[in-house]
Amino acid sequence: MNIYSRRGGPAITGKPVVPMNELENVVVFLEGKLPEPNSGRAPRQPSISSEPAIRQINETFVPHVLPIVAGTIVHFPNRDPFFHNVFSFSGAKSFDLGRYPMNQVRSVKFDRPGVVKIFCHIHSHMNAVILVFEHSYFCVSDGSGSFLMSHVPPGEYTLVAWHERLKPQKKLVTVQAGEAETIHFVL
C-alpha cells in the first residue's frame, strides 16, 4: 500500500486545469562580451513590464519564468482566496515573504545575477523561476516559440536559449547594423 497514493483535492474547487505551453518558458539572451551599460549602446530595461510581477492565481505562479535586470523589484500579488507563502533558497537571492492573504502584495529586490527558483511553503506544487541578468539583452519566447530581441548593437555574440529543464542551446550570431537576423533553435 502506498500512503501517498491519494492526493488531496485542490483548495479551489472546479479550478480549471490550464496546460503549460513550454514554448512560453524559453528565455533567450546574449552572453559574453556585451556593450557597457553607460556606453550609450546598451538598451534600456526591456518593456516586459514597468513593474514586474509574479502573480499567484489558481495555485499557480504567473508568469512561470521572468527575466529581469539586477536591481529590479519584483512584486508578488496574491490573487487567490487563501494564503500563500512565497520563498526562495537560491544563492542569487534567498528570501521568505511569510504567509499573506488575497489582495496583499509583497515585493523583493533582486540585486545579484543568477537563477532564482521560487516556491510556496503552503502549496508544494507551485514553482517559478526568475533569471537575473547584469544586462537587458534578453527576451522570452511567445506561445509559438518566436522571439524578438531588439536594440542589439552590431557585433558578434553568443545567443543562448534557456529552459529550466533542458540544457541551454547556444549559437554564435553576427549582428549587422540595420539588418534583422533569423535564428532557429531546436530544444
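This report walks through the strand pairing, salt bridges and cysteines of a predicted model.

## The four-stranded sheet

Let's start with the sheet that ties much of this together. It is an open sheet of four strands, ordered E11-E1-E12-E13, with antiparallel pairing. The edges belong to E11 (138-140) and E13: each has a single partner strand, so one side of each has no neighbour in the sheet. Going from one strand to the next, the twist averages 25°.

As a reminder of what holds such an arrangement together, strands of a sheet pair through backbone hydrogen bonds, and they can do so parallel or antiparallel.

## Strand E12 and its partners

E12 covers residues 155-162, and it is mostly covered: six of its eight residues are buried. On one side, E12 runs antiparallel to E1, with five bridges joining the two. On the other, seven bridges join E12 to E13, again in the antiparallel sense. E12 and E13 also make a hairpin, with six residues between the two strands.

Opposite leucine 159 of E12 stands leucine 30, while in E13 the bridge partner of leucine 159 is lysine 171. When you look at which way the side chains point, keep in mind that in a regular strand they alternate between the two faces of the sheet.

## Two salt bridges

How many salt bridges does the structure hold? There are two. One of them pairs glutamate 31 with lysine 170, and their closest N and O atoms sit 2.8 Å apart. This pair links distant parts of the chain: glutamate 31 belongs to strand E1 (residues 27-31) and lysine 170 to strand E13 (residues 169-175), 139 residues apart. Glutamate 31 counts as partly exposed because its relative accessibility is 28%. Lysine 170, in turn, is exposed, with a relative accessible area of 52%.

The other salt bridge brings together the side chains of glutamate 164 and arginine 165, at 4.0 Å from N to O. That value is worth a second look if you care about cut-offs, since a salt bridge here needs the nitrogen within 4 Å of a carboxyl oxygen. As for accessibility, glutamate 164 is partly exposed at 26%, and arginine 165 is exposed at 55%.

## A second hairpin

Over in another stretch of the chain, strand E6 (residues 84-89) pairs with strand E7 (residues 94-100) through five bridges, in the antiparallel sense.

## Cysteines without disulfides

How many disulfides turn up in a search of the whole structure? The search finds zero. For context, a disulfide is a covalent bond between the sulfur atoms of two cysteines.

Are cysteine 120 and cysteine 139 buried or exposed? Cysteine 120 is buried because its relative accessibility is 3%, which is under the 20% limit. Cysteine 139 has a relative accessibility of 8%, so it counts as buried too.

Terms used. Residues are numbered from 1 along each chain as its sequence is written. This is a predicted model: local features need pLDDT of at least 70, side-chain atom pairs count only at pLDDT 80 or more; totals for chains, interfaces and linings use all residues. Side-chain values use heavy atoms; hydrogens and water are left out. Buried means under 20% relative accessible area, exposed over 50%, partly exposed in between (1.4 Å probe, protein chains only). Two strands pair if DSSP finds at least two bridges between them. A disulfide is a pair of cysteine sulfur atoms within 2.5 Å. Axes are lines fitted to C-alpha atoms, for helices over the stretch in contact, and angles run from 0 to 180 degrees between N-to-C directions.
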